Amino acid sequence: MSSGLHRRAFVGSALALAACGADAQTGPVSLPPLKSIAPFPVGVCIQAVHLEDRDLVRLLVEQVSQLTPEWEMKMEYIAQPDGSFRFDGPDQIAAFAKTHGLRLFGHTLVWYDQAPAAFTELDESRVSFADAYRNYILAVVGRYRGQAVGLYVINETVLDDGSGWRDSLWARKLGKLEHMVLAFQHAREADPGAVLFLNDFFLETHPKKRTAFLKLAEALLKAGAPLGGLGTQTHLAAGDQRGLIKAAIADLASLGLPIHISEMDVSLQEGGDRNERLTRQADLYREAAEAFSALPRRQQFAFTTWGLRDQESWRKREDGADAPLLFDVNGNPKPAAAAWVQGLG
């Protein structure tokens, strides 16, 4: 039996449930493990505390092949006010990934939205800002050298209207483009084998931002940054127009770099009545799988959803009625998961 026929054999009844408006929380969908049928790595984000949930641990090991720390590799967690570094959380996730043969992906080195006291209150008579910046990157990337397959080096730096790049402590101290080039160079110094990514959101829904993102990638490459891949977060809503994902993936692929759908979820906060929103959610997950599957294999870095079960989603923390992921709060695959499988071809 071909892989395509194998996948289709499992999705028919699930998609029928979606078409009939079966609730995503209770619909009895039966699917094989996602990682067993996808020809590319399938990832999710987790927090260290999630590893205390036996049901989630079982589901993670069964379903996915890559883990991204949701926040324990961000500066707000690692960089302490006194300049020391905290690694207990990311170390737990890294150890779990290693034990279970899962890929580890790092998130995130430099983010405009975080400026820890260790940097804002830095005594530059003791150490220069540039040296502290380099030391931080070397410490984080070097700690997981040889295990992390890649990481976001620069995160969310393009303005939503595409008119330029966001202001940040890093840009003010080291230069708008220069701080990014340095981050990539320091990360490469710390781990020559990791794939280094530029990552952002709204690349599907804001074409002008996508154009600016691609121009930034080109500028980084021209400046000598070892940029190795492009990440598109793909945070969507059920009301978003169909076709946007395919257009975005095609544009991003034009540079020839590996692509990471890096944080996908589809909120149910908008898009008609609940049954309509569930159907549209499934359609968007299907489209994303189709668009990613159409890439050349060398550009299929990984497909990551921002959580595995709805109950761990940041969107559900903001709105308890939301259900943006492929598995419901009980760990059962939803019609959206069946649609995603169908989109693999």
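Q: Which strands each supply at least two residues of the lining of the second largest cavity?
A: They're strand 1 (42–46) and strand 10 (300–305). Helices and strands here are DSSP runs numbered from the N terminus (H or I, at least four residues, for helices; E, at least two, for strands). Strand 1 has the largest share of that lining, three residues. One thing to keep in mind: this is a predicted model, where local features need pLDDT of at least 70 and side-chain atom pairs count only at pLDDT 80 or more, while totals for chains, interfaces and linings use all residues. Residues are numbered from 1 along each chain as its sequence is written, and side-chain values use heavy atoms, with hydrogens and water left out.

Q: Which residues line the second largest cavity?
A: Look for L34, V42, G43, V44, F303, T305, L308, L326 and W340. A cavity is a set of points on a 1 Å grid over the protein atoms alone where a 1.4 Å probe fits but cannot get out; a pocket is an open set with protein on both sides within 12 Å along at least five of seven lines, and lining residues have an atom within 4 Å of a point. This cavity holds about 50 Å³ of space, and its lining has seven nonpolar, two polar and no charged residues. (Ala, Val, Leu, Ile, Met, Phe, Trp, Tyr, Cys and Pro count as nonpolar, Asp, Glu, Lys and Arg as charged, the others, Gly among them, as polar.)

Q: What is the volume of the largest pocket?
A: About 380 Å³. Of its 21 lining residues, E156, Q233, H235, E263 and W314 lie nearest the centre. Strand 8 (235–237) and helix 13 (314–318) supply at least two residues each. The lining of this pocket splits into eight nonpolar, five polar and eight charged residues.

Q: Which residues lie nearest the centre of the second largest pocket?
A: G83, A118, L122, R126 and A132, out of 16 lining residues. This pocket has about 240 Å³ of space. Helix 6 (117–120) and helix 7 each supply at least two of its lining residues, and by class the lining has 10 nonpolar, two polar and four charged.

Q: At roughly what angle do the axes of helix 11 and helix 12 cross?
A: Roughly 25°, with the axes coming within 8 Å. That makes helix 11 roughly parallel to helix 12 (the cut-off is under 35 degrees). In this contact (heavy atoms within 4.5 Å), L244, I245, K246 and I249 of helix 11 meet L284, E287, A288, E290 and A291 of helix 12. Those residues are six nonpolar, no polar and three charged.

Q: Which residues of helix 10 meet helix 11?
A: R210, F213 and L214, which touch A247, A248, D251 and L252. Five of the contact residues are nonpolar, none polar and two charged.

Conventions. Grid points are joined across faces, edges and corners, and a volume is the space filled by probe spheres set on the points. Axes are lines fitted to C-alpha atoms, for helices over the stretch in contact, and angles run from 0 to 180 degrees between N-to-C directions. Angles under 35 degrees count as roughly parallel, over 145 as roughly antiparallel, 65 to 115 as roughly perpendicular and the rest as oblique.
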